[in-house]
Amino acid sequence: MKALILPIVLGLAGAGAGIGAGLWLQPTPQSPSGGEAGPSDPGQESPGGDPVSGGDPSAEPGPGMSPMSGRDRPPIEQIDFVRMTNQFVVPVLRQGDVAALVVVSVGVEVRAGLRDMVFAREPKLRDAFLRVMFDHANAGGFDGVFTSGPQMATLRRNLWEAARPVLGADLFDVLITDIARQDT
């Protein structure tokens, strides 16, 4: 019986310390005005009416957010989701050798009725997407936990920035619908 008390006490102390550290290190939520959010302003919109960008429609989105989150986005009925016809295969190189292959399926959100325009511009779009994915792979973006939130947000944002000159203002978002890595 005495042999069980010490492991149980140590386990409870470790769990308590972990919970305490998690609460202590938790980031403080920011209000749209830049100060700390308090009980007086939960979910309060900014003066410009846009809770995402602080009222500035040209402001950059935060990490993990779609470039068009909450800004000038039409209702879902006015959006077409267009999936690229083929997957993208991206080699991951280590010391000049192929260490892995990453397969990515990508789609785009555009204004309704522009599906044919997307397919007509698909070669330029694929070229732009491949450039971004090769740069992402060369920067180590497909190493380790490559599906973590920050890694995927960076890739999604870079894909959107590459697609914007090809599709223009009718592009709302870039969707990564499938992603897989096969180590060699």
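**Walking through the fold**

Mentor: Read along the sequence, the chain runs α-β-β-β-α-α-α-β. Helices (H or I, at least four residues) and strands (E, at least two) are DSSP runs, numbered from the N terminus.
Trainee: How many helices and strands does the chain have?
Mentor: Four helices and four strands. Before we go on, this is a predicted model: local features need pLDDT of at least 70, side-chain atom pairs count only at pLDDT 80 or more, and totals for chains, interfaces and linings use all residues. Residues are numbered from 1 along each chain as its sequence is written, and side-chain values use heavy atoms, with hydrogens and water left out.
Trainee: OK. What percentage of the residues in the chain is buried?
Mentor: Buried residues are 32% of the 184 in the chain. Buried means under 20% relative accessible area, exposed over 50%, and partly exposed in between (1.4 Å probe, protein chains only).
Trainee: Let's do strands. In which sense do strand 2 and strand 3 pair?
Mentor: Antiparallel, over seven bridges. Two strands pair if DSSP finds at least two bridges between them. Take Val92: its bridge partner in strand 3 is Ala100.
Trainee: Is Gln95 buried or exposed?
Mentor: Exposed, because its relative accessibility is 84%.
Trainee: And Glu109, buried or exposed?
Mentor: Glu109 is in strand 3. At 7% relative accessibility, Glu109 counts as buried. Contact means heavy atoms within 4.5 Å. Leaving aside neighbours within four places in sequence, the contacts of Glu109 include Arg73, Phe81, Asp170 and Phe172.
Trainee: Which residues of helix 3 are buried?
Mentor: Among them are Leu125, Ala128, Phe129, Val132 and His136.
Trainee: Why would residues three or four places apart point the same way?
Mentor: Because an α-helix has 3.6 residues a turn.
Trainee: What covers the buried residues of helix 3?
Mentor: The cover includes strand 2, strand 3, helix 2 (115–120), helix 4 (149–167) and strand 4 (171–183). After helix 3 comes Gly140, with a positive phi near 90°.
Trainee: How many aromatic pairs are there in the whole structure?
Mentor: Two. Rings of Phe, Tyr and Trp (its six-membered ring) pair if their centres lie within 6.5 Å; planes under 30 degrees apart count as stacked, over 60 as edge-to-face and the rest as tilted. Phe88 and Phe129 form an edge-to-face pair, 6.0 Å centre to centre with 70° between the planes. Phe88 lies in strand 2 and Phe129 in helix 3, so the pair ties together parts 41 residues apart in sequence. The rings of Phe142 and Phe146 have centres 6.3 Å apart and planes at 75°, so that pair is edge-to-face.
Trainee: What lies over the face of Phe88?
Mentor: Arg126, at 4.2 Å from the ring centre. The rule is that NZ of Lys or CZ of Arg is within 6 Å of the ring centre and within 35 degrees of the ring normal.
Trainee: Now helix 4. What do its buried residues pack against?
Mentor: Strand 3, helix 2, helix 3 and strand 4. Trp160 and Leu159 are among the buried residues of helix 4.
Trainee: Last one. Where is Ile176?
Mentor: In strand 4. Ile176 is in contact with Val104, Met152 and Leu159, among others, leaving aside neighbours within four places in sequence. Ile176 and Val104 are 72 residues apart in sequence and 7.1 Å apart in space, C-alpha to C-alpha.
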